[in-house]
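Visitor: I would like to learn how to read aromatic ring pairs in a structure. Please show me a case.

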Amino acid sequence: MIQNCYWDSPSGTRLRMCDLSSSIPRASSYVQDSYVLYVINAVFSVALGIHNALEAVCGQNYASVCTKFYYSGERRQKIMEGLLKVNFTDDTHQPFFYTSDGQSDRGFHIYNVTHTSVSFVPNQQPQNIRYQNVGSYNDTHFLKLDITYTNSFKAQCDASRADPTVDDCVCPFPVAMPSRFMKQTNGNKGLSVAYIGDIHLTDPSKPLTCGRISTGLELYKLLAFFYAIDRVNLNANGTLVDSVKLDGLALDGCSQTIRLGQDVYNVLSGNQLCDSDVKGTILSPSSIVAFVIDLDRNTIPVARMLSNENITSISPTAGSALLSDRLQFPYFLRTRADNLLFANIVYQLAKSAGWDYLSVLYTDSLAYQTASDSLLDSSQAAGACVANSVPLSSNASLAEAQQALKTLSQNVGSKAVVLLVSPDHLKLLMEASQSLGLAGRFVWIVPYDWTSDTSLLTNLEQEMAGSLIIEPRSAFVQDFKNYISQELSWKNRNLGKIPVDWFQEIYETIHQCNILDTENPTNVIYAKVCTGNEVWDSINIPFY
């Protein structure tokens, strides 16, 4: 995917065989995912929700989890009630709280992508792409926009010996089982929060198994969860009673809903996880007070399952409007706004820019299709027109992308196109635009969720010039950057909370080297050997 090459046979635009000596592109600077703050807010809101519930049941001067709360059959309902009363100031210096329909709105930033050959950082090469802040949309539903458009934009041995004098002993060592979860038990007070994310990608050749690990945005969100758990347990903000401590558990969905459903069921029933060498219960089911779930495709099925158990689920990233249905999802909350708000921003942008109608291109998968549906469903109320809504299959080719753009180009007055697509499809569409000579033909409107990594569009900057990126309003958490540096340092290789095999994958991928003194070497060969002196910094995190 990154090198645009194939392993076994050519596919789509991947016509070159992969070279094992190739390295992974690296980001020129550290860019913090906007949803880091949303993950942190999710964990803190759970902690404060527990605090509110304990005050309601045990009294305002409680010193620990009282017996009445511990044995209450309604403690999860009390925690949900407590969550709906949460109100605190987050790193944006704005109050955070949940609305009656279970959402929280931080607003959005709107950026204009411009093509430049000027470096804005001393002693660094120009980036070719610059994000210019041109507006905002705040939680009072006010759009502020400052932008104009022109058309100028371009083992053990068990041997059976037939002959005792011949050493034909074969030692069948057990196959190493990859870690299925990450766990922290520093709280050890009987209250747990679980995180669900796609820490690994799917293995395309082996159903229900994991592929390569993500060392980009998915890793940041995983570590943000445990960072927030640590801050709660340390009472870093001084807003909690010291006795409120949380245990944290992260389940790896590996981008597979079926596998994820099995894991959640086993955790809630106290069973061992499938394909895991960790025996017995990994977490007491009765201790779980909430799940923090990443992405629509994980959130929708898991939140539906948890609602039946009266367990709160919170998502920092899921935008599907379906989740706002309180009848289907009475125990669901989110720390971001849903797709309907994004649609409202898009229609106000269209009105402000004077576009007669909009077109939509979306990846044909659950998350992107629900975002497209929200846009279409709210068009009539907004008094706007969507002329075309064109899907791209998950394995779309360059020819398919070209045909989609040709279809949009034939519409008289077609100017603005909303791209609700995966990162791969975004790059594919820009390549199609370049091949058709359509630079400047459309204004692309893109939600931030696609990626914050501009290296994805190397040599395609001209195609993106003039586009609008709508990003959830967030804030940079400096302590979190320091936390990453600590957790990913060599000294934490066998001591940190990150499973040893996960740490090895992450360390090797980030530093582009191989760890030799390991029982289970990875199948990726790099040009150098890890020394242990490598230092994590803001320039050696690759994004996917």
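Guide: This is a predicted model. Start in helix H12, which holds both Phe480 and Tyr483. They sit 3 residues apart, about one turn of the helix.

Visitor: How many aromatic pairs does the count give?

Guide: The count is 13 aromatic pairs. One of them joins Tyr227 and Tyr483.

Visitor: What describes a pair of aromatic rings?

Guide: Two values do: the distance of the centres and the angle of the planes. For Tyr227 and Tyr483 the centres are 5.4 Å apart and the planes stand at 65°, so this pair is edge-to-face. The angle counts because edge-to-face needs planes over 60 degrees apart.

Visitor: Which parts of the chain does that pair link?

Guide: Distant ones. Tyr227 belongs to helix H4 (residues 217-233) and Tyr483 to helix H12 (residues 478-487). The two are 256 residues apart.

Visitor: And is the pair of Phe480 and Tyr483 stacked or edge-to-face?

Guide: Their ring centres lie 6.4 Å apart with planes at 20°, so they are stacked.

Visitor: Are these rings, Phe480 and Tyr483, buried or exposed?

Guide: Both Phe480 and Tyr483 are buried. Tyr227 is buried too.

Visitor: Which residues do ring pairs link into a cluster?

Guide: Phe44, Phe88, Phe96 and Tyr98. Elsewhere, a charge meets a ring: Arg75 lies over the face of Tyr70, 5.7 Å from the ring centre.

Note on methods:
Residues numbered from 1 in each chain as written. Predicted model: local features only at pLDDT ≥ 70, side-chain atom pairs only at ≥ 80, totals over all residues. Heavy atoms only, no water. Phe/Tyr/Trp six-rings, centres within 6.5 Å; stacked < 30°, edge-to-face > 60°. Helix = DSSP H or I, 4+ residues; strand = E, 2+ residues; numbered from the N terminus. Buried < 20%, exposed > 50% of the residue type's maximum accessible area, 1.4 Å probe, protein only. Lys NZ or Arg CZ within 6 Å of the ring centre and 35° of its normal.
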